[in-house]
Amino acid sequence: MPSKGLLWEQIHPQDSKSQPVRAASGKYHVKCFVMGEWRRVTVDDRIPVDAFGAPLLVGSMPSQLWPLILSKAVIKLMALCQVLDMSLWHQVAAFQWLTGWPQENLMDPMHGVRVAGSTLYDRLHESCEQRGSGVARRAMTMAHLKDQARDKLRRPSFLVLCSPSGLPVEEVMQQLTAQHPSSTGRIVTHSSRVPLEHEVQGGTYNFVLPDSMQADKQAGKFLEASMVEGPHWSGMFGIAFSAISSVAATGRVGIVRVDTQGVQSLKGNNLVDAVYVNIAPASMEAWAQEQSLRQVTLSTS
């Protein structure tokens, strides 16, 4: 185990302070305790991702390289030991591989006598107390949830906001990303219509030419894309995979705004794990009046 007790100190190459540094070759060596000896496990920095570009390994927030490298080393050893199908932490010796400490499971009869109640407390106390010459026997106690479903522990990939036009959804998105910058990120949708006077390219929408957007849709570059007809304009709106990956690759939840067509399309896609929020005006009558005034303004401008 490293002198400071930090797992990423097992990763090489390192600088003069024994901290890992990025390798130009993309290859790293992880020091692991395997078959009674410290050995070198070589991995690269190619990280498997899902359809949206989010890492499939550990869920560090935001995504960091060193936890991913350690995970790849553990998975490589799991493949070597033919235990890739094991789903519980105590079924794999990952803790011992990374620390060199003996791993003991106190609850599984396959690993020895099952202990519970006061016997379990005595065993945990014994493993942590000082003995003999005054040298502390270091131990780390871990527990995991056995009854809670895995799906309940996962964060959604998207927060989808749906609202009628004219509501300040842009402000809501800006506030969410400003209050939670490390866990959320805005996904800017694409649009083929002409920008309005107050809209910003790359901020409000990613504005593209209609023919270009239609070609990208046919090429499968959009998660969802549909035509939207307004009173004085029409155009295609869509969520590009490139815009999604820029947020998902950092491990953050993507916040995106769509209309009712988009909600129906996303809900029909099994790949989309999202929370849907409908934003409605406090008064439908007041909103209708504002929309009427807005249409008059657009028609006379």
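Helix α8 (residues 260-267) has three buried residues, Gly 262, Val 263 and Leu 266; buried here means under 20% relative accessible area and exposed means over 50%, with a 1.4 Å probe and protein chains only. Seen down the axis of α8, these buried residues fall within an arc of 100°, so they line one face of the helix. That arc is taken from the directions between the helix axis and the C-beta atoms. On the other side of α8 sit Thr 260 and Gln 264, both exposed.

A word on the source: this is a predicted model, in which local features need pLDDT of at least 70, side-chain atom pairs count only at pLDDT 80 or more, and totals for chains, interfaces and linings use all residues. Residues are numbered from 1 along each chain as its sequence is written, and side-chain values use heavy atoms, leaving out hydrogens and water.

What does the buried side of α8 meet? Its buried residues pack against β6 (158-162), β10, β11, β12 (253-258) and β13 (274-278), where contact means heavy atoms within 4.5 Å. Helices (H or I, at least four residues) and strands (E, at least two) are DSSP runs numbered from the N terminus.

Strand β6 is mostly covered, with four of its five residues buried. The table shows its two pairings; strands pair if DSSP finds at least two bridges between them.

| Pair | Sense | Bridges | Residues opposite |
|---|---|---|---|
| β6 and β13 | parallel | five bridges | Phe 158 and Ala 274 |

Now to the other sheet. Four strands form an open sheet of mixed pairing, in the order β9-β8-β11-β10. β9 (206-207) and β10 (222-229) stand at its edges with a single partner strand each, so one side of each is left without a neighbour in the sheet. Strands β8 (residues 190-191) and β11 (residues 234-240) pair in the antiparallel sense over two bridges, and Ser 191 stands opposite Phe 237 in β11.

The largest nonpolar core has 20 residues, and Trp 97 is among those that touch the most other members. Such a core is a set of buried Ala, Val, Leu, Ile, Met, Phe, Trp, Tyr and Cys residues joined through side-chain atoms within 4.5 Å. Helix α1 gives the most to this core, with eight residues. A second, separate core of 18 residues includes Val 160, Cys 162, Ala 243 and Val 258.

Terms used
Axes are lines fitted to C-alpha atoms, for helices over the stretch in contact, and angles run from 0 to 180 degrees between N-to-C directions.
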